[in-house]
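Take a moment with the sequence and the model below.

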Amino acid sequence: MRGTRIGVIGSAQCSREIYGLAERVGEGIARRGAILICGGLGGVMEGACKGAKAAGGTTVGILPGATPEQANAYVDIPIATGLSLARNLLVVRSSQALIAIEGGYGTLSEIAFSLQLGVPVIGLRTTYTDPQMIRANDAEDAVEQAFASIVGSHAGGSARRRSTA
C-alpha cells in the first residue's frame, strides 16, 4: 500500500512491556510498506519508530516543540510545530488510521479527534473505550485492523468503523 500512513499514539513514558508492544506494532506497519506517523517523542512513540526502522520503514515525528532535535533517534522526518498539545490534531489529520497503545490524556485527546473526524482508531491495551473504536488483541491484530479499516476509505479517513470489542 504505497503512501499509506498509519499513526501510532501513546504516552511518552511507558513500561518495557508496552515499549516492546509498540516496537512490534511499528515493525508490522513497516513490513506492510506504510509510513509510521507519531508525536516523535519517547515511550510508545520511540518504540514504534524503533520497530519500524528495524524493518526498513520510514517514520515521521510531528513534534510539540519548535526544534527538530527533540525527536527520538528513530524519527526520519521530524516536523517541529511549536504547537505543544495542539500538534495532536496534526498527528490525527496526517494518519489514515491510528493505533492507540495504552496512553494518558494526550492519547485520549488524539482518540477524541480521531473519532470526531472519522479516522479509524484501533485500541491496544488502552483503557479508553468507545463503540466506534476497534479493539485489538495484540500488535499483529492492531496492524491488521488498521490496514483493514482504511481499505476503501479516503485519505485522512472519512469512514466510521464498527467496534469489534
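Which residues in helix 1 meet which residues in helix 5? From helix 1 come Leu-21, Arg-24, Val-25, Gly-28 and Ile-29. From helix 5 come Ala-139, Glu-140, Val-143 and Phe-147. To meet here is to be in contact, with heavy atoms within 4.5 Å. The residues of this contact divide into 6 nonpolar, 1 polar and 2 charged. Ala, Val, Leu, Ile, Met, Phe, Trp, Tyr, Cys and Pro count as nonpolar, Asp, Glu, Lys and Arg as charged, and the others, Gly among them, as polar.

A word on the source: this is a predicted model, where local features need pLDDT of at least 70 and side-chain atom pairs count only at pLDDT 80 or more, while totals for chains, interfaces and linings use all residues. Residues are numbered from 1 along each chain as its sequence is written, and side-chain values use heavy atoms, leaving out hydrogens and water. Helices (H or I, at least four residues) and strands (E, at least two) are DSSP runs, numbered from the N terminus.

Now the geometry. Helix 1 covers residues 16–31 and helix 5 covers residues 139–150. Their axes come within 8 Å and cross at roughly 40°. Axes are lines fitted to C-alpha atoms, for helices over the stretch in contact, and angles run from 0 to 180 degrees between N-to-C directions. The two helices are therefore oblique to each other. Oblique is what remains once angles under 35 degrees (roughly parallel), over 145 (roughly antiparallel) and 65 to 115 (roughly perpendicular) are set aside. Helix 1 passes helix 5 in a right-handed crossing: the near helix is turned clockwise from the far one by less than a right angle.

Helix 1 also meets helix 2. Here the axes come within 6 Å and cross at roughly 40°. So helix 1 is oblique to helix 2. This crossing is right-handed. Among the residues of helix 1 in the contact are Ile-18, Tyr-19 and Ala-22. Helix 2 brings residues including Val-44, Glu-46 and Lys-50. The contact divides into 7 nonpolar, 3 polar and 4 charged residues.

Stay with helix 2, residues 44–54. Its buried residues (under 20% relative accessible area, 1.4 Å probe, protein chains only) include Met-45, Cys-49 and Ala-52. The buried residues pack against several elements, among them strand 1, helix 1 and helix 3. Just after helix 2, Gly-56 takes a positive phi of about 80°.

Finish at Ser-95, in the loop between helix 3 and strand 5. Ser-95 counts as buried because its relative accessibility is 0%. A polar atom of its side chain lies 3.5 Å from the backbone nitrogen of Gly-7.

Conventions:
Buried means under 20% relative accessible area, exposed over 50%, partly exposed in between (1.4 Å probe, protein chains only). A polar contact is a pair of N or O atoms within 3.5 Å; within protein, one must be able to donate a hydrogen and the other to accept it, and residues adjacent in sequence count only if both atoms are side-chain atoms.
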